[in-house]
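I opened my notebook to look up a few things in this structure. The entries below follow the order in which I checked them.

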Amino acid sequence: MITTKALPKFSRRCSFFNHRNFVPMKPILDGATTNDMAPTNSFFKSDTREAVSWSGQTRRVSQRGFLNHSRSILGWNSMEIDNVRDALRLPSLHFSTYYNDKLRRESTNKLFSSIPGYVKIVEVGPRDGLQNEKDIVPTAIKVELIKMLASSGLPVVEATSFVSPKWVPQLADAKDVMEAIRDFKGARFPVLTPNLKGFEAAIAAGAKEVAVFASASEGFSKSNINCSIEDSLVRYHEVALSASKLSIPVRGYISCVVGCPVEGMVSPSKVAYVAKKLCDMGCYEISLGDTIGVGTPGTVIPMLEAVIDVVPIEKLAVHFHDTYGQALSNILASLQMGISTVDSSVSGLGGCPYAKGASGNVATEDVVYMLNGLGVKTNVDLQKIMLAGNFIRKHLGHSSGSKTAIALSKITAHASKL
């Protein structure tokens with residue numbers, strides 16, 4: 001890190017471009033390393049071919065135009081979301097946290113060797129993220145959010161839930177949402193179905209993939225879906241049978257995999273039991289959810305070990321809430337265990353309406369930022385995710401729940417003042 005004490009005295013407002021005694025450094029852009037920080041006087045030339053790489057292109061940048069060029073690129077986040085499509089046309093900014101793929105391949109560190117090269121991100125914001133909002137979000141806003149998320153490169157966007165409007169009024173417009181995105185391409189749009197009635201309604205609305213949700217805690221199952229674990233598994237077996245006849249994929253969720261607001265700690269063996277049941281009934285993937293966010297790597301790893309003993313690891317996903325700020329560390333531990341599917345919610349939206357104190361899901365922006373830094377491919381555009389987060393947060397009137405989005409917003413806001 002270069003501190004201000006190590007630099008010659010100069011005005012704080014970019015006077016290093018006109019200070020005669022200061023030799024400027026090349027900007028660290030697009031994953032540049034410290035080797036790229038060699039002194040250069042190229043900025044003082046009226047028109048030189050400077051390696052300012054955006055989207056893999058090298059552009060001619062004049063001394064006077066460089067700051068304006070940087071401001072136009074870095075300032076995208078300060079745009080009003082009403083102009084989001086204009087923002088999406090800006091060149092893609094590759095943040096310097098991108099890990100060097102060559103270094104990752106050559107590293108002998110066990111951390112890198114155990115982490116998957118590609119991670120699938122399942123976006124749950126439109127369903128799990130919005131279901132806890134008290135004020136009803138208009139259908140048009142939900143549809144626009146879903147389309148923005150799908151356009152970012154996310155392969156799966158959980159669209160809504162076909163539950164009783166009595167229990168989750170926020171998602172009472174499930175049919176209208178599905179109708180609006182029926183012909184939208186680029187991602188899969190699974191929906192949550194609590195029983196056979198919900199499944200039939202989802203299929204009638206055009207759903208091509210569904211999900212069921214069980215609990216590893218008896219107390220939470222009764223408070224959340226008003227039945228025992230065994231009764232819930234009977235319901236889901238009926239859904240799975242009907243789905244199989246129609247060739248509809250079924251995803252399984254398990255809540256309270258490390259802790260429960262009713263019972264406290266949850267035994268890994270209980271999680272493994274429910275996971276095995278869901279796998280046996282035909283769920284192609286099982287998402288393990290820390291519903292109240294109490295997990296740490298110390299509790300998550302034993303839980304995963306128990307589940308991996310009975311369910312193939314390629315069928316497992318993780319779903320962490322960030323109540324205690326442990327979500328990213330739990331995801332990293334899961335990746336080291338071999339998990340390659342992660343659930344997340346744009347801008348950290350969400351919580352659980354039946355789990356007091358449960359804060360939002362881990363933010364998609366933060367997950368993508370971390371995976372980029374690990375050299376893990378996601379095919380997700382961080383800029384577009386941030387735009388989607390700004391869009392929905394602006395409507396909800398909430399501040400962002402993503403530390404990445406907050407930090408980059410401050411950086412770009414500062415750059416726009418230069």
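Which helix gives the largest share of the lining of the second largest pocket? I looked it up: helix 9 does, with 4 residues.

**Ground rules.** I noted that this is a predicted model, where local features need pLDDT of at least 70, side-chain atom pairs count only at pLDDT 80 or more, and totals for chains, interfaces and linings use all residues. Residues are numbered from 1 along each chain as its sequence is written, and side-chain values use heavy atoms, with hydrogens and water left out.

**The pocket.** I wrote down a volume of about 880 Å³ for the second largest pocket. A pocket here is an open set of points on a 1 Å grid over the protein atoms alone, where a 1.4 Å probe fits, with protein on both sides within 12 Å along at least five of seven lines; lining residues have an atom within 4 Å of a point. The volume is the space filled by probe spheres set on the points, which are joined across faces, edges and corners. I found 41 lining residues, with S161, V163, P194, F213 and I225 nearest the centre. By class, 20 are nonpolar, 14 polar and 7 charged. Asp, Glu, Lys and Arg count as charged, Ala, Val, Leu, Ile, Met, Phe, Trp, Tyr, Cys and Pro as nonpolar, and the others, Gly among them, as polar. Among the elements that each supply at least two lining residues are helix 5 (125-129), helix 8 (196-204) and strand 11 (285-290).

**Helix 9.** Helices (H or I, at least four residues) and strands (E, at least two) are DSSP runs, numbered from the N terminus. Helix 9 covers residues 218-225, and I found G219, F220, S221 and I225 buried there. Buried means under 20% relative accessible area, exposed over 50%, and partly exposed in between (1.4 Å probe, protein chains only). Their cover includes strand 7, helix 10, strand 8 (250-255) and strand 9 (259-260). After the helix comes N226, with a positive phi near 60 degrees.

**Aromatic pairs.** Rings of Phe, Tyr and Trp (its six-membered ring) pair if their centres lie within 6.5 Å; planes under 30 degrees apart are stacked, over 60 edge-to-face, and the rest tilted. I got 2 aromatic pairs by this rule. Why is the pair of F184 and F189 tilted? Its ring centres are 6.4 Å apart and its planes stand at 55 degrees, so it counts as tilted. F184 is partly exposed at 24%, whereas F189 is buried at 11%. The rings of F213 and Y236 also have centres 6.4 Å apart, and their planes are at 45 degrees, so this pair is tilted. F213 is in strand 7 (residues 210-215) and Y236 in helix 10 (residues 229-245), 23 residues apart. F213 is buried at 15% relative accessibility, and Y236 is buried at 1%.

**Charges over a ring.** Which residues lie over the face of Y253? I found R127 at 5.7 Å from the ring centre and R251 at 5.1 Å. The rule asks for NZ of Lys or CZ of Arg within 6 Å of the ring centre and within 35 degrees of the ring normal.

**T160.** Is T160 buried or exposed? It is buried, with a relative accessible area of 2%. T160 sits in strand 5 (residues 160-161). Leaving out residues up to four places away in sequence, T160 touches R127, L171, A174, M178, P190, V191 and L192. Contact means heavy atoms within 4.5 Å.
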